[in-house]
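Reader: Please show me the structure, and then let me ask about the terms used to describe it.

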Amino acid sequence: MGVHGVKAVFFDLDNTLVNTAAAGRRAIEEVPPFASCLFQVINALQSKHHYAEGEARVICDKVQAKLLKECHDPAKMCITDLRISHWEEAIQETTGGEANRDLAAECYFLWKTTRLQHLTLAEDTRGMLTELRKRVRLLLLTNGDKQTQREKIEACACQPYFDAIVVGGEQKEEKPAPSIFHYCCDLLGVQPTECVMVGDSLDTDIQGGLNAGLKATVWLNKAMTTPVDTSPVPHYIISSVLDLPAVLQKMEHKINAKLGTDHMASSNE
């Protein structure tokens, strides 16, 4: 990867570099190892508020479903109010009666704090990023509410591994809009055709990279299952983010081989 190859790699954050989904599940279900630790949501609902275990789990399941379908407009409501409302609705839907905003807020902040505690950048991922950054520039490109994403970035302490960090909620448009990718290119002083996008979402990461005319897109498909409709089509598919260096090396070999062929054709002329 040099003058003729890849000059920058853009990484998605959630469920690409850090396992956000798993951290959220642990925030709901994990039992704290010490009495002084925060109780997790199900335990708190049972022990402090005397909910049956079944009721507590239904509430948490409803919140998870609401998070998956969440549409947030920061101009209308802050993310904290929206997510407290998820808990408030889930409690009311499960138990009936009047809304309990105070309990909903307690559940939300307990869930949020515990989730952030479990967001980590794995040691082998840190090592890969450190080695990659010796050869190319690295940028973190994440969609989402600016407060939420900045808290995650701080929690997993990933700032030192990147030349720049771009949060969609701080820009006019998010992935898959070409504008945010071109903004990233300008930040690093590179061209789209010199950049690679790596992420787990076909709709935002892969489609966005294609929309912006990047050199290549790399889809992280941990399950390695083929969707019924694989659209958009990524240039490369990996099952672990740790497989990325091998993909970049393969790209470099292709570029070098093409340069060699072009040189031979030019010499023959």
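**Terms and values**

Author: At 9% relative accessibility, alanine 44 counts as buried, where buried means under 20% relative accessible area, exposed over 50%, and partly exposed in between (1.4 Å probe, protein chains only). This is a predicted model, in which local features need pLDDT of at least 70 and side-chain atom pairs count only at pLDDT 80 or more, while totals for chains, interfaces and linings use all residues. Residues are numbered from 1 along each chain as its sequence is written, and side-chain values use heavy atoms, with hydrogens and water left out.

Reader: Where is alanine 44 found?

Author: Alanine 44 belongs to helix α2, residues 41-47. Helices (H or I, at least four residues) and strands (E, at least two) are DSSP runs, numbered from the N terminus. The C-alpha atom of alanine 44 is separated by 8.2 Å from that of cysteine 107, and the two residues are 63 apart along the chain.

Reader: How many aromatic pairs does a search of the whole structure find, and why is the pair of tyrosine 108 and tryptophan 111 called tilted?

Author: The search finds three aromatic pairs. The ring centres of tyrosine 108 and tryptophan 111 are 6.2 Å apart and the planes stand at 35 degrees, so this pair is tilted. The rule is that rings of Phe, Tyr and Trp (its six-membered ring) pair if their centres lie within 6.5 Å, with planes under 30 degrees apart counted as stacked, over 60 as edge-to-face and the rest as tilted. Both residues lie in helix α5 (residues 101-118), three residues apart, about one turn of the helix. Tyrosine 108 and tryptophan 111 are both buried. Ring pairs also link Tyr108, Phe109 and Trp111 into a cluster.

Reader: What makes a space in the model a cavity, and which residues line the largest cavity?

Author: On a 1 Å grid over the protein atoms alone, a cavity is a set of points where a 1.4 Å probe fits but cannot get out, and lining residues have an atom within 4 Å of a point. Grid points are joined across faces, edges and corners, and a volume is the space filled by probe spheres set on the points. One cavity of 30 Å³ or more is found in the whole structure, and the largest cavity holds about 50 Å³ of space. Its lining consists of Arg83, Tyr108, Trp111, Lys112, Arg115, Leu116, Thr148 and Glu151. Two or more lining residues come from each of α5 and α7 (146-156), and α5 gives the largest share, five residues. The lining divides into three nonpolar, one polar and four charged residues. Here Ala, Val, Leu, Ile, Met, Phe, Trp, Tyr, Cys and Pro count as nonpolar, Asp, Glu, Lys and Arg as charged, and the others, Gly among them, as polar.

Reader: Why is the contact between arginine 83 and glutamate 70 called a salt bridge?

Author: A salt bridge is a side-chain nitrogen of Lys or Arg within 4 Å of a carboxyl oxygen of Asp or Glu. The side chains of arginine 83 and glutamate 70 meet at 2.9 Å, N to O, in a salt bridge. Arginine 83 lies in helix α4 (residues 79-95) and glutamate 70 in the loop between α3 (53-68) and α4, so the pair ties together parts 13 residues apart in sequence. By this rule the count comes to 17 salt bridges.

Reader: How do you know whether arginine 83 is buried or exposed, and what of glutamate 70?

Author: Arginine 83 has 12% relative accessibility and therefore counts as buried. Glutamate 70 has a relative accessible area of 22%, so glutamate 70 is partly exposed.

Reader: What is the distance between the closest N and O atoms of aspartate 163 and arginine 133?

Author: Those atoms are 3.1 Å apart, and aspartate 163 forms a salt bridge with arginine 133. This pair links distant parts of the chain, 30 residues apart: aspartate 163 is in the loop between α7 and β3 (164-167), and arginine 133 in the loop between α6 (123-132) and β2 (137-142). Aspartate 163 is partly exposed, because its relative accessible area is 30%, and arginine 133, at 32% relative accessibility, also counts as partly exposed.

Reader: Which way do the residues of strand β1 point, and what makes β1 and β2 a pair?

Author: From strand β1 (residues 8-11), Ala8 and Phe10 point one way and Val9 and Phe11 the other way, and all are buried. Two strands pair if DSSP finds at least two bridges between them. Four bridges join β1 to β2, and these strands run parallel. Phenylalanine 11 stands opposite leucine 140 in β2. β1 also pairs with strand β4 (residues 195-199) in the parallel sense over four bridges, with valine 9 opposite valine 196 in β4.

Technical notes
1 Å grid on protein atoms, 1.4 Å probe; cavity = no way out; pocket = protein on both sides within 12 Å on 5 of 7 lines; lining within 4 Å.
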